[in-house]
Amino acid sequence: MQGRDVPVEELDVAIVGAGPVGATLAALASSAGFSIALFEARPAPAADARTLALSDASRALLEEAGAWPAEVATPITSIHISQRGGPGRTLITASEQGLPALGYTLPFARLQQALDARIAARGIPVRYGHACEEISLEPEAAVLRFSSGTHARARLLVLADGGANARRIPGISFHEKDYEQAAVVGLVACDRAHAGRAYERFTPEGPVALLPVGSGFALVWTSSPLESSRRLAMDEAAFLEELQECFGDRAGRFVSLSGRASFPLKLRAVNAPIALRTAFVGNAAQALHPIAGQGLNLGLRDAAALAAILSQGRREAIGGREMLDAYRAARRKDSSRGIAFTDFLVSAFADARRFPTWGRGLGLVALDLFPPARRLLAERMIHGTPAP
């Protein structure tokens with residue numbers, strides 16, 4: 001694979017993808033004393049304007065990693081859930097869970113900066129401008145060739161990128177589902193303080209979410225690709241008027257909008273989270289609909305599980321069959337149930353043929369009347385499914 005005169009970087013762990021999941025894995029595993037490096041196709045850290053929604057469990061994980069930017073995190077203390085055109089609503093609160101917050105929102109860029117600073121302090125290099133061009137999996141190591149002309153050889157390869165490199169791995173395939181939906185996102189301001197409350201409103205077109213960020217809200221408005229394109233092109237006043245009609249006045253009056261963008265919504269899940277000398281985490285393992293905010297939280301739990309297994313093992317065991325089987329077992333329930341739960345919600349609240357409005361309303365009323373059911377739902381959304 002490599003030429004005779006090309007130096008090869010010898011590593012215990014090579015992580016392809018230096019975004020939040022890959023960087024969290026590096027930060028959590030850094031105390032084990034293994035040689036770790038991250039490889040990133042982008043020439044520099046991402047200048048990403050997105051707002052992230054993280055569960056309280058993810059906050060705890062990032063605190064453990066030494067990379068929680070508390071100064072820019074907005075706590076979510078309650079979630080109001082309703083549906084348009086039908087009965088039923090429920091309210092999930094942090095106090096009922098015995099927590100200061102159910103979750104938090106924060107800027108992607110600030111989280112990435114905190115993680116970058118942490119892994120730099122731990123002496124872990126990030127090789128920017130290193131797009132992976134070839135992967136060779138051998139019994140004793142994974143060998144990588146990058147666009148920079150350099151090579152790396154690692155006991156364990158971790159793919160933490162968007163999933164493209166996973167398709168290079170023999171035997172790896174993806175289950176994919178196009179929801180035929182797109183999300184319009186942006187930041188909206190209201191004439192009323194949010195008091196830490198998030199809103200999830202289900203409509204026949206798809207869910208509309210408002211997440212408290214600073215003094216305003218991050219909006220995620222799901223509909224058909226055609227409707228999303230139309231809304232993306234609307235002037236601000238018309239957009240806000242249509243949003244008000246859809247959402248009602250439960251959050252107040254919408255007064256301004258900024259940073260509109262749109263992206264398609266699909267499910268993609270890898271057929272196995274491991275291969276020879278390889279583990280998949282984050283978006284390389286699964287990409288989800290944003291309806292329940294599970295995507296990044298699930299990826300961070302991937303990173304935490306793999307870091308824990310790495311930290312408990314010996315250098316010679318890194319990337320071996322026993323270690324990889326332990327990772328697969330640790331993630332099997334949580335990953336499969338997180339994917340199934342998200343997919344079910346998309347179907348339950350967007351397909352009136354399968355779940356009529358009154359049926360969804362009964363479900364919301366049941367949640368509102370039975371605190372144990374509400375607490376169980378919140379527990380699963382915050383912590384996922386425990387490993388066996």
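Because the model is predicted, local features need pLDDT of at least 70 and side-chain atom pairs count only at pLDDT 80 or more, while totals for chains, interfaces and linings use all residues. Residues are numbered from 1 along each chain as its sequence is written, and side-chain values use heavy atoms, with hydrogens and water left out.

Let me start with the whole protein. There are 10 helices and 19 strands, where helices (H or I, at least four residues) and strands (E, at least two) are DSSP runs numbered from the N terminus. Of the 388 residues, 52% count as buried, meaning under 20% relative accessible area with a 1.4 Å probe and protein chains only.

Now please look at helix α1, residues 20-29, where 10 of the 10 residues are buried, so the helix is largely enclosed by the rest of the structure. Its buried residues, among them Pro20, Thr24 and Leu28, pack against β1 (8-16), β2 (36-40), α2 (56-64), α4 (108-121), β11 (151-159) and α7 (295-312), a contact being heavy atoms within 4.5 Å.

What lines the largest cavity? The lining consists of Ala18, Gly19, Glu40, Arg42, Pro45, Ala46, Gln112, Asp116 and Tyr128. A cavity here is a set of points, on a 1 Å grid over the protein atoms alone, where a 1.4 Å probe fits but cannot get out, and lining residues have an atom within 4 Å of a point. About 40 Å³ of space lies in this cavity, a volume being the space filled by probe spheres set on the points, which are joined across faces, edges and corners.

How values were computed
1 Å grid on protein atoms, 1.4 Å probe; cavity = no way out; pocket = protein on both sides within 12 Å on 5 of 7 lines; lining within 4 Å. Buried < 20%, exposed > 50% of the residue type's maximum accessible area, 1.4 Å probe, protein only.
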